[in-house]
Every structure is written in structure tokens, then in C-alpha cells.
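The structure is shown first.

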Amino acid sequence: MTCEQNSHGRRFAREFIISMVIYVVLVFGSFWLIRNLDLPTWGRALLALLPSVGVAMWGRAQYRYLLACDELQQKIELQAIAMASALLVFGSFPLGLMASAGVFEVPGKIVLIWILPAFSLLYGICKFWASRRFA
Amino acid sequence: MNSHVRELREKAGWSQAALAERLGVSRQTVNAIETGKYDPSLPLAFRLARLFEQSIESIFIFEEQS
């Protein structure tokens, strides 16, 4: 995060940390319950979705940060999001083609869970690149 | 787009951070405008013009691209 030491940067850091703590607690808690309780499918689904609360809080914090940024920082953030989205979309498509052709095997649930971390990594790299253009 | 923002700021005796605070933007934005790496939005250009009591055309140097 390249935000300057200002109030909305500190607010984002605070909200991000809280959301990540909630996410980690819910991930471990919900999957422990899923593994140790005999639950119907709808119960497992509800528990599996619980960590999304932390992710949603992170998304909200990110959105509030974006709205509070000044015009240049908004431009940088949006360029980073656009580039990361394009890289993820156009990078995953050929991988999907190869998986479909049997070049390698990847379980679908693994792919789905790694979309957000992959996007976050790409976003960080693209934001670094976008920031340097204006430095 | 190049500009006279740096000269005007230094003439006023302000740091980049001080100018940024007056304009309601980050120091990074002021630096990017001064180095010509970022063209401000129209509202920001008007705020600059009002702050320095000059016209936008006298602050920003428009160069025709050949």
C-alpha cells in the first residue's frame, strides 16, 4: 500500500487489519466445525460462507479508501485494478484451455479459492507499476 | 503537461506538503503536477488558479503535439 500517512490511510489500515483478523478466526472456526460436526449440506454451506464476512469487510474498507483518495491516487488505484483484472482474465483463459486439453489437472475448488489471492497479488504488482509512472 | 506550479509555490514560500494541504490533495499529486507527469482535473486546476490568483492558461503550458 503506497498511501501516505494520512487519516484515510490509517483508517484503511485499521479496517483492513480488523477484517483480516475476523477472516482468519472465521476460516479456522468454520472449517473446524465443518470437520467435527455432522451437518447437513445447508449447514456446511453456511459455515463455509462465514469467512466471506471478513472478505466483505475488507472489500468495504478498500472501497472507502478508494473514495477518500485524491484524484491522482484514485487514478493509480483504478489503473491497478483494471490491469490486474485484465491479467487475471487473459492469463487464466489459456490455463483453462490447457487444463481442458488434459495438459495438467487442477481441481476446480482449488482454482476458485485462488482467484482472490491471485488478483490481490496482481493488484499489488500493478499498483507499484502504476505509482512509479507518476513518481 | 508542464506548468509554473513549482515556481509559484516557491515564490509563495510553501512546501509541497503545504500546497497539497491547501488544495486538498496529496503531496504526491503536487509533485506529479510539478514534474509534468500528471495533468490535474479541471476543478483542481481552478483551485490552483484561484490559490495563486492567476489564470489557468498562465499556470499550465499547453504544448501542441506534432
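A crossing is left-handed if the near helix is turned anticlockwise from the far one by less than a right angle, and right-handed if clockwise. By this convention, α2(B) passes α4(B) in a right-handed crossing, while the crossing of α3(A) and α5(A) is left-handed. The model is predicted: local features require pLDDT of at least 70 and side-chain atom pairs pLDDT 80 or more, whereas totals for chains, interfaces and linings use all residues. Residues are numbered from 1 along each chain as its sequence is written, chains are lettered from A in the order in which they are written, and side-chain values use heavy atoms, without hydrogens and water.

**Helix pair in chain B**
- The axes (lines fitted to C-alpha atoms over the stretch in contact, with angles from 0 to 180 degrees between N-to-C directions) of α2(B), residues 16–23, and α4(B), residues 42–52, come within 10 Å and cross at roughly 110 degrees.
- These two helices, α2(B) and α4(B), are therefore roughly perpendicular (65 to 115 degrees).
- Contact (heavy atoms within 4.5 Å) involves B:Leu19, B:Arg22 and B:Leu23 of α2(B) with B:Leu44, B:Arg47, B:Leu48, B:Leu51 and B:Phe52 of α4(B).

**Helix pair in chain A**
- The axes of α3(A), residues 52–68, and α5(A), residues 108–134, come within 14 Å and cross at roughly 20 degrees.
- Accordingly, α3(A) and α5(A) are roughly parallel (under 35 degrees).

**Interface**
- Twelve residues from chain B and ten residues from chain A form the contact.
- Between chain B and chain A there are zero salt bridges (a side-chain nitrogen of Lys or Arg within 4 Å of a carboxyl oxygen of Asp or Glu).

Conventions:
Helix = DSSP H or I, 4+ residues; strand = E, 2+ residues; numbered from the N terminus. Parallel < 35°, antiparallel > 145°, perpendicular 65-115°, else oblique.
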